[in-house]
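This report describes selected features of one protein model. Please consult the sequence and the structure shown below while reading.

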Amino acid sequence: MKWNKETVNIIYASNDGYAGHLAASLVSLLENNRQIPHMHIYVLSVNMCGLYKERLRRIAEGYGRGVTAVELGDLKQRFTYDIDTRGFDISAMGRLFAAEVLPETVERALYLDCDTIVCGSILPLYEWDLGDCLVGMVMEPTVYGEMKEALGMGRDDAYYNSGVLLMALGRWRRERVLTRLLDFYGAHAGRLFACDQDTINGALRGQIRTLPPKYNFFTNYRYFRYDTLYGLCRAYEEVGREAFAEAKRYPVVLHYLGDERPWIAGNRNHYRKLYETYLDRTPWKGTPKQTGKELYMFLWWGLNKATLLCPGLRLWISRRFGMKVIDARKKS
């Protein structure tokens, strides 16, 4: 597949609440990818204020890069049916509309979640051969079984995380992928467990290229063994023991997946200092951490430690309480 190799296109999606996290991720991306001659960042804004957009522009300008804010407005208006994101922020759905709202000259783009930190060059990832696939993603074998069942997937079918997406946007337009995504979500009453992620996995099944885990390394996977992940989903054999070990040693993109977020007071995330270091280089430096979950963070830390000694215990707890935690996120 051909695309414009002159410019590396990066996509984020955010509202005001995640703008500071986006800024930390952006600084990490720019700082560790100075060697890329041409890069442009697109921010899919869900009613982000002008001040925050300007802050992001200034960060990028400091590295000689450009930022274009694309306003999506009220995302619910882009659906012809009612949607329920199950407590996840609706800005997560913004990535589904990338092919529609970005210039048609953008044939390929790398989408990054706001809760990621880039630790190295993303150029090898950006140039990854997608073949006939529409998107490249990293597997998430620890996803709850109920989520896969809702999509008609079996235990050993590959399920992917949407926090990092290598998107063949030219093909998305030609093959009317947005329509497929919206139709799939609508067929599930606009109410899937992981809204955008489930929609991509279900609608694009069979057209997703598996990426190495180092390009979307979930921070809690530091405590997992390869054999545990393979036991959860046999499709993880495609990833391989060596690639998983490499991701643990040298992650290129860290993803603060799960509840142990580095901006929550009391968290003991092994990688929290990286987030704090890059946040301190943004206008959001000094933002107070969210309070009220200190005990929960302590218990989460204990769960991570238990995973090293007894993976089965964590899996039992996840099966017993995982979906309840997801449902508890739902806003009243």
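## Surroundings of Thr 7

Leaving aside neighbours within four places in sequence, Thr 7 is in contact (heavy atoms within 4.5 Å) with His 38, Met 39, His 40 and Tyr 126. Thr 7 belongs to the segment that precedes strand E1 (8-14); helices (H or I, at least four residues) and strands (E, at least two) are DSSP runs, numbered from the N terminus. With a relative accessible area of 23%, Thr 7 is partly exposed, where buried means under 20%, exposed over 50% and partly exposed in between (1.4 Å probe, protein chains only).

## Basis of the model

The model is predicted: local features need pLDDT of at least 70, side-chain atom pairs count only at pLDDT 80 or more, and totals for chains, interfaces and linings use all residues. Residues are numbered from 1 along each chain as its sequence is written, and side-chain values use heavy atoms, with hydrogens and water left out.

## The sheet and its helices

Seven strands form an open sheet with mixed pairing, in the order E3-E2-E1-E4-E7-E6-E8; two strands pair if DSSP finds at least two bridges between them. Strand E3 (66-71) and strand E8 (208-210) are at the edges with a single partner strand each, so one side of each has no neighbour in the sheet. On average, neighbouring strands are turned by 30° against each other, direction ignored; axes are lines fitted to C-alpha atoms, for helices over the stretch in contact, and angles run from 0 to 180 degrees between N-to-C directions.

E1 and strand E2 (residues 39-45) run parallel and are joined by seven bridges. Asn 9 has His 40 in E2 as its bridge partner. Helix H1 (residues 19-31) packs on the sheet and touches E1, E2 and strand E4 (109-112), its direction making about 165° with that of E1.

## Salt bridges

The whole structure holds 18 salt bridges, each a side-chain nitrogen of Lys or Arg within 4 Å of a carboxyl oxygen of Asp or Glu. Lys 53 forms one with Glu 71, the closest N and O atoms being 3.0 Å apart. This pair links distant parts of the chain, with Lys 53 in helix H2 (residues 50-61) and Glu 71 in strand E3, 18 residues apart. Lys 53 is buried at 16% relative accessibility, whereas Glu 71 is partly exposed at 35%.

Arg 34 and Glu 31 also meet in a salt bridge (3.0 Å, N to O). Arg 34 is exposed at 53% relative accessibility, while Glu 31 is partly exposed at 23%. Glu 31, Arg 34 and Arg 281 are linked in a network of salt bridges.
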